[in-house]
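Hi,

Here is the structure I promised to pass on. Have a look at it first, and then read on for what turned up.

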Amino acid sequence: MAICLIVYVTVVAIRCLDYPKWDHDSLRVDGEYIMATHDTYTWLAGAKGLGYNLHTPLAKLVKAIHQFTGAKLGMIGFWLPPLAASLVAVAIVLWAWTLGGLQAGLLAGPLGALCLAFFHRTRMGYLDTDLATLLAPLFLAWGLAHWLGRYISPDWTPFLRFFRPKETQREASSPSAAEALPLPRPTDWLWMIGLGYAAWYFGTWHGYIQAYVRGAILLSM
């Protein structure tokens, strides 16, 4: 949890280095920032109940934040991209944890969340579905890997031994390791339901995410 918080705050801080360029009265109207792209205005209009995007997940999310915090829509559209996009770093840390190298997430998290193309599409004022198109595959794939990993025999995945601690490698090489896989736990059902709901929700954000979810289901069968 501490490493997740560290990498998240680090990525947000790096993204906020872009703020001085926006700190000017000519870039604000009635206390709201001018958005960086025209697409952003379609989502904000949807959050306001206008246009053809009012029933989309992003418009509903902006509307919910507006109703809960009272913040102006223009301020939400400006600040939400760097805050939400930084969650990619947390998803990468979760991957590092599952692969047995949690500390590697301290570097991999910021590097992945600040990769050039993704960074440019999720800067301040760039409110668009790009917030989910990288986060969703990373998070859903981690959820499947973390859930199914304990049911995979070590003999089926020898390449994973490079990512495991030495103690785990010795256990995996023992004769009994491949014979008795763990029994399902009661919490597995909760994990399945939660992961399924997350897959459904992210799939409503973008058609490409829906295609990824279908592919992930086929690969996990």
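Predicted model: local features only at pLDDT ≥ 70, side-chain atom pairs only at ≥ 80, totals over all residues.

Which side chain meets Asp 18 in a salt bridge? That would be Lys 21, at 3.2 Å from N to O. A salt bridge here is a side-chain nitrogen of Lys or Arg within 4 Å of a carboxyl oxygen of Asp or Glu. Asp 18 is buried, with a relative accessible area of 12%, whereas Lys 21 is exposed at 64%. For the labels, buried is under 20% relative accessible area, exposed is over 50%, and partly exposed is in between (1.4 Å probe, protein chains only).

Residues are numbered from 1 along each chain as its sequence is written, and side-chain values use heavy atoms, with hydrogens and water left out.

Back to the charges: the count comes to five salt bridges. One of them joins the side chains of Asp 25 and Arg 28, 2.8 Å from N to O. Asp 25 is exposed at 62%, and Arg 28 is partly exposed at 24%. Both belong to a network of salt bridges that also takes in Asp 23. Further along, Asp 128 pairs with Arg 121, with the closest N and O atoms 3.4 Å apart. Asp 128 is buried at 10% relative accessible area, and Arg 121 is partly exposed at 39%.

Now the overall picture. The chain has twelve helices and two strands, taken as DSSP runs numbered from the N terminus (helices are H or I with at least four residues, strands are E with at least two). In order from the N terminus, the elements go α-β-β-α-α-α-α-α-α-α-α-α-α-α. Of the 221 residues, 37% count as buried. Among contacts (heavy atoms within 4.5 Å) between residues at least 6 apart in sequence, 72% join residues at least 24 apart. The accessible surface is about 13,200 Å², and 70% of that belongs to carbon and sulfur atoms; these areas come from the Shrake-Rupley method with a 1.4 Å probe, and for residues only the protein chains shown count as cover.

Rings of Phe, Tyr and Trp (its six-membered ring) pair if their centres lie within 6.5 Å, with planes under 30 degrees apart called stacked, over 60 edge-to-face and the rest tilted. Tyr 33 and Phe 78 are a stacked pair, 4.0 Å centre to centre with 15° between the planes. Tyr 33 sits in strand E2 (residues 32-33) and Phe 78 in helix H4 (residues 73-85), so this pair ties together parts that are 45 residues apart in sequence. Both Tyr 33 and Phe 78 are buried.

Trp 97 and Trp 142 make a tilted pair, at 6.5 Å between centres and 35° between planes. Trp 97 is in helix H5 (residues 87-98) and Trp 142 in helix H9 (residues 135-148), so here too the linked parts are 45 residues apart in sequence. Trp 97 is partly exposed at 44%, but Trp 142 is buried at 7%.

Where does Val 62 sit? In helix H3, buried with a relative accessible area of 0%. Leaving aside residues up to four places away in sequence, Val 62 touches Leu 44, Ala 47, Leu 73, Ile 76, Leu 80 and Leu 127.

One backbone detail: Asp 30, in the loop between strand E1 (28-29) and E2, has a positive phi near 55°. Most residues other than glycine have a negative phi. Asp 30 is exposed, at 66% relative accessibility.

Lastly, Thr 56 is in the loop between helix H2 (38-47) and helix H3 (57-69) and counts as buried at 17%. A polar atom of the Thr 56 side chain lies 2.6 Å from the backbone oxygen of Asn 53.

Cheers

Note on methods
Polar contact = N/O pair within 3.5 Å; in protein donor to acceptor, adjacent residues only side chain to side chain.
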